[in-house]
Each structure stands twice: as structure tokens, then as C-alpha cells.
Amino acid sequence: MKRNIFKYLVFAITLTVTITSCRKDDFVGDNELGDQGKTILKFAQGPSKTLLFEAFTNIKAVSGFSLVRDINSNATLSTASSVELVKAAVPAGYTFLPDNIFTFQTTSAAKFVKTATGYTVNFAPGDFSSDFDINLNGALLDPKLKYALSFTIGNTGGATVTAGPQKSITVLFTILNKYDGMYSFEPVSQFNRYTGGVLNTGDALMGSLVGLPNRAFTTIDGNTLTWTPLWATGGGVGGVNDFRLYVDPVTNLTTMSALGNATLQNIPGKPNYYDPAKRTFYLNFQWGGGSAGAAGRDMSVVLKYAGKRP
């Protein structure tokens, strides 16, 4: 009996060792905290964060990001430290958020001190994080621009920068223009396809668009949107990547183009405009039919505002 108990005990120990040795560690970098006694610095939201706003002219409280430290001991937590944040390049097409457009909220003002290259971030004894919380002045935002903040961790005050992706942060500030939203296809919305200048027959991809899923019109800048067209079957149209819809802020006339297809243009002589009273676009555009035998396409659509984008 004792011999059997001993056999089971050896088996259980062997199984435990086998399972433990086969386990894979899913953590990257920050698991060094417990093993090697390091204080780890990282951005809680890194490496990127996007903030969406409807156009506003007042002061809006905004939570930008948090720099956090995972402390290796109570002794470290009991001491003050400072960390350097260095400004980094923002993505192409964005402008670094100017200092005059925001002020720090009271708690953040005590922790973020401006320097020639960015900020010194102060951690008081007992602090685990320092929050970049600001008051954003909407009246000073240029609707034609896209703004961003971008920082990397410089001088760490003796801590170790995370080995994970949260070693830097980029915050994108997108101000939605007044046209941004979901739009439904209204009666007369139609997709046509041509071969050699002659309208196709029996072509399943062409036909009425009424009843197809609403389209998301997404802000590019204060007067430009992007959206994705559909075949009559509901599938996404290829060959016209990066649609652009520009609305003249004075006349409400619209211009269609596509960064991925230089032939896309308004159909001459047909209406292309936005009706602000009805929040509706009337668009007629074409592409691909510029040469003999080319497979041309055109769309005549009425798109009515249906609500905010999810």
C-alpha cells in the first residue's frame, strides 16, 4: 500500500514539473518587475490613442494619456522622481498640438513642467501615475488641420522603460466636420457599368442602391470626407481607393475624386451639391471610361444623413 502511494506521489510531482516546464510566458518585458526588481515606466494607453470631437468653440476637458510606473518596492514608492518626456514626430498630415490651444488641468499642472524638448514629469512620493489632462480651447482649433501629440520617454529618473509597445505615445485629435456621419441611399440612387461606352445588360453589379447598408462619411478635414461606394450587390467597389468628397463651404457644391484613381470625377452638367437644410448629398460621378473599349462606371446617388457614426 505504501509502495502504491509512493508511486502516485512520484507521478504527481513528475506531471507538475512537466506542465510547468512546457508553459510559455506571454508577457513581454514587464514581467521583469517581479524577477529582477526593476521599476518599469510605460504609457498606459500606448502606443496610440485617437480622440474624436464634434466641432466646439468652448473649453473642453480632455484626458490625453497617463505615464505610469510599476514600483519594485515600498522604498521606491516613498521617494519622489522625475521623468523626461521628449517630443516626437507626429504622423504625416498632422500638426503637433500648439501650446497656446490648451492649458493643464490643476492636478496635471503640478506634475508636467514644460522644457525646451518636451516636459519633465514629476512623480511625488506615493504616485503610481501622472495624467496628461488638459483643457482644450475649441475656438482656437483650425478645422482645416488635424492635430496630434507624440512623446517618447527620455531620462527615466533611474527607472527602466518598458520592453513592450507602450514606450511611446501618439494621441490624435480629430475634430469631426459638420458632414461627418452615417448616410442612407435614397430613391434614384443607381450604379451603372459600361463596356466600350455602351450600358451593360444583365450585369448583377449594377442597379439600384436603395436598401443597401448605410455609408460612413468620415472626416478628413473641415470640408473633406471619405467614404466607400458599393456595387448593387452590396459588395465594396474596387479600383477607386481613397474616395474624397470635398464640399465648398460657401456654395455647398461638391467635388468627387479618388487618390487611387485619377479618372474619377464629377459628371459634367449633372448636379453635385450638399443641401444643408435636408442634410443630403446629391452626387453624380464617373470613372474608368476615358479610352476606347474601357469599362466605365458611374454613380448617381442621393445620400441622406441617418445619424452619427458608431
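Six salt bridges were identified in a search of the whole structure, which is a predicted model. One of them joins Lys 308 to Glu 54, with the closest N and O atoms 2.9 Å apart. Because Lys 308 lies in the segment after strand S24 (297-307) and Glu 54 in strand S2 (residues 48-54), this pair ties together parts that are 254 residues apart in sequence. Lys 308 is exposed, with a relative accessible area of 60%, whereas Glu 54 is partly exposed at 45%.

A further salt bridge is formed between Asp 99 and Lys 114, whose closest N and O atoms are 2.6 Å apart. Asp 99 is located in the loop between strand S5 (95-96) and strand S6 (102-104), and Lys 114 in strand S7 (residues 112-114), 15 residues apart. The relative accessible area of Asp 99 is 30%, making this residue partly exposed, while Lys 114 is exposed at 54%. Lys 111 and Asp 127 also meet in a salt bridge, at 3.5 Å from N to O. Lys 111 belongs to the loop between helix H4 (106-109) and S7, and Asp 127 to the loop between strand S8 (118-123) and strand S9 (129-137), so the bridge ties together parts 16 residues apart in sequence. Both Lys 111 and Asp 127 are buried.

The secondary structure comprises four helices and 24 strands. Of the 310 residues in the protein, 42% are buried. Among contacts with a separation of 6 or more, 64% involve residues 24 or more positions apart.

The largest nonpolar core contains 31 residues, and Leu 97, Phe 132, Leu 136 and Phe 173 touch the most other members. Beyond its neighbours within four places in sequence, Phe 173 is in contact with residues including Leu 51, Phe 53, Val 62, Leu 97, Ile 134 and Leu 136. A second, separate core of 28 residues includes Tyr 183, Phe 191, Leu 283 and Trp 287.

Aromatic pairs number 32 across the whole structure. The rings of Phe 285 and Trp 287 are stacked, because their centres are 6.1 Å apart and their planes lie at 20 degrees, under the cut-off of 30 degrees. Phe 285 is buried, with a relative accessible area of 0%, and Trp 287 is likewise buried, at 5%. Both residues belong to a cluster linked by ring pairs, whose members also include Tyr 179, Trp 227, Phe 243 and Tyr 305. Arg 279 lies over the face of Tyr 305, at 3.7 Å from the ring centre. Lys 60 is positioned over the face of Phe 56, at 4.9 Å from the ring centre.

Terms used: Residues numbered from 1 in each chain as written. Predicted model: local features only at pLDDT ≥ 70, side-chain atom pairs only at ≥ 80, totals over all residues. Heavy atoms only, no water. Phe/Tyr/Trp six-rings, centres within 6.5 Å; stacked < 30°, edge-to-face > 60°. Buried < 20%, exposed > 50% of the residue type's maximum accessible area, 1.4 Å probe, protein only. Lys NZ or Arg CZ within 6 Å of the ring centre and 35° of its normal. Core = buried A, V, L, I, M, F, W, Y, C linked by side-chain atoms within 4.5 Å. Contact = heavy atoms within 4.5 Å. Helix = DSSP H or I, 4+ residues; strand = E, 2+ residues; numbered from the N terminus. Salt bridge = Lys/Arg side-chain N within 4 Å of Asp/Glu carboxyl O.
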